[in-house]
Amino acid sequence: MRLSPPSRVSLILRQFQSYPKHYLTKAMSGSTQTPANGVSTPNSDYKPRYIDIGINLADPIFRGRYHGKSRHPDDLKGVIKRAEEVGCTKLIVTGSSFKSTRDALKLTQEFPGTVYSTAGIHPCSSSIFSPSHHKHHDESQSEDGGEADQHTPACGPDPTKPILDGEGVDHVRSDTIISDLEKLINDARSDSSKGLVAFGEFGLDYDRLHYCSKEVQLHSFAVQLKLAASLKPQLPLFLHSRAAHQDFVRLLKEAFGEKLERLEKGGVVHSFTGTVEEMRELMDLGLYIGINGCSFKTAENCAVVKEVDLTKLMIETDGPWCEVRPTHEGWKYLLPPYVTPKPAAEPVSEAPSGVSTPAEPASASEIAAGVSTLSISSSVDPSAPAPEGQAHTTGRRPKQKKPPQPPQPSKKNPKKKEPEVPERFKVVKKEKWEEGAMVKGRNEPCTIERIARIVAGIKGVSEEEVCEAAWANTVKVFGVE
């Protein structure tokens, strides 16, 4: 039998409180045909198009190599194919060291018109400016060396092992590095493929001082800014700033003027995780804001995303890192914002005494109407005479025996839990790699559709608006159309 009205009210209240606010607003206004992404899409025939402005495809992980060991076949072509299937037809591959830049430039020749590249020295790769770095800067990005060293720096900070200031900078080596970087850029720009579209990734990262000290990062950023400003014509900037906003803005202004008036092609601060005030200052300087999975970790992060002007928005995956995870605040915008209705009405039948049948989920119309309008009646009439041999209880049900417990499922073969957010492509562990499948924990450019969906949900706009704004901004700055 159906639950008594008071029990049903409790159920609806719990469901009501679990819904995201953007859905409740639509429900209360009478609209229950909300799509699964939680935002309205004005053009149902719209096919999304994306440009991933930051994807580390030069990382060996996309060739099946993890920390110097081959774990599965090279599947880079499959990665790019999956990106194209979701509408991500342009990929800007990040150059973060001499080696990764050269590898990225090779990819622009292998996938012309799809893959583009940046060229620069990441703050976490800037130990090459240090006197204690004994390897040639073209060989590796850190002193440890080896193929395992060639992975792009992971996102997580490690505040327990910072490299302290005091060692200084090798200025002779610095001059050589900048001269070689200038030659690398000029050679790439003279290539007919025109694959190089930005200077970077470079900047400051005080969250990850275990890769490089603050003093060396400051030097690396300053000398690269000087080079970027001297190029004729200039390249757009692909910038990195983590927990270093004040120094970051100061050095930009020293190189390009108080309003960055000498910055000819603009730039983007990618993978942004700063504050609203920092973001607004960057936009006021004419810079664009790059959003990826790291931008959705907390409620504070999402509040910043909400304030990003669409005219200054770009989107990215920053794979193989920065995937959106269920623990992230932004994950909820990927969840279906409605309760699936019961397939068919079943005839009401009496259940054995003491056993309740499960309640069907509350419908959107019940949620929209609000629980205050529900008719609530007591299951016991206080005016009715009590049954013989039983004391009268006003408004209370007789105490019932607990129903028999169902058998516990076997722990040997637990049923695989379906993901809350369905995967577009099959996902497997790297040890069980198969062609056409994504590798668990390796973020790919095909997941950029999730970035657009979350941004749309946070801002309360359609995915089409997000996609088209990000596309137009990226084409304007990097000229990749």
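Is Glu463 buried or exposed, going by its relative accessible area? Glu463 is buried, at 8%, where buried means under 20% relative accessible area, exposed over 50% and partly exposed in between (1.4 Å probe, protein chains only).

## About the model

This is a predicted model, in which local features need pLDDT of at least 70 and side-chain atom pairs count only at pLDDT 80 or more, while totals for chains, interfaces and linings use all residues. Residues are numbered from 1 along each chain as its sequence is written, and side-chain values use heavy atoms, leaving out hydrogens and water.

## Salt bridges

The structure holds 21 salt bridges, each being a side-chain nitrogen of Lys or Arg within 4 Å of a carboxyl oxygen of Asp or Glu. Glu463 takes part in one with Arg453, with the closest N and O atoms 3.2 Å apart. That pair links distant parts of the chain, 10 residues apart: Arg453 sits in helix α11 and Glu463 in helix α12 (residues 463–478). Helices (H or I, at least four residues) and strands (E, at least two) are DSSP runs, numbered from the N terminus.

Arg442 is buried at 1% relative accessible area, and Glu444 is buried at 0%. Shared partners join Asp75, Arg82, Arg442 and Glu444 into one salt-bridge network.

## A buried aspartate

Now to Asp318, in the loop between β10 (313–315) and α10 (364–369). Asp318 is buried yet has no salt bridge, and the nearest side chain of opposite charge, Arg242, is 5.6 Å away. For charge, Lys and Arg count as positive and Asp and Glu as negative, with His and the chain ends not counted.

What Asp318 does have is a side-chain polar contact of 3.1 Å with Asn56. A polar contact is a pair of N or O atoms within 3.5 Å; within protein, one must be able to donate a hydrogen and the other to accept it, and residues adjacent in sequence count only if both atoms are side-chain atoms.

## Around Arg63

Arg63 is found in the loop between β1 (50–55) and β2 (65–66), and is partly exposed at 31% relative accessibility. Its side chain makes a polar contact of 2.7 Å with the side chain of Asp74. Leaving aside residues up to four places away in sequence, Arg63 also touches others (contact means heavy atoms within 4.5 Å), including His72, Leu107 and Glu110.
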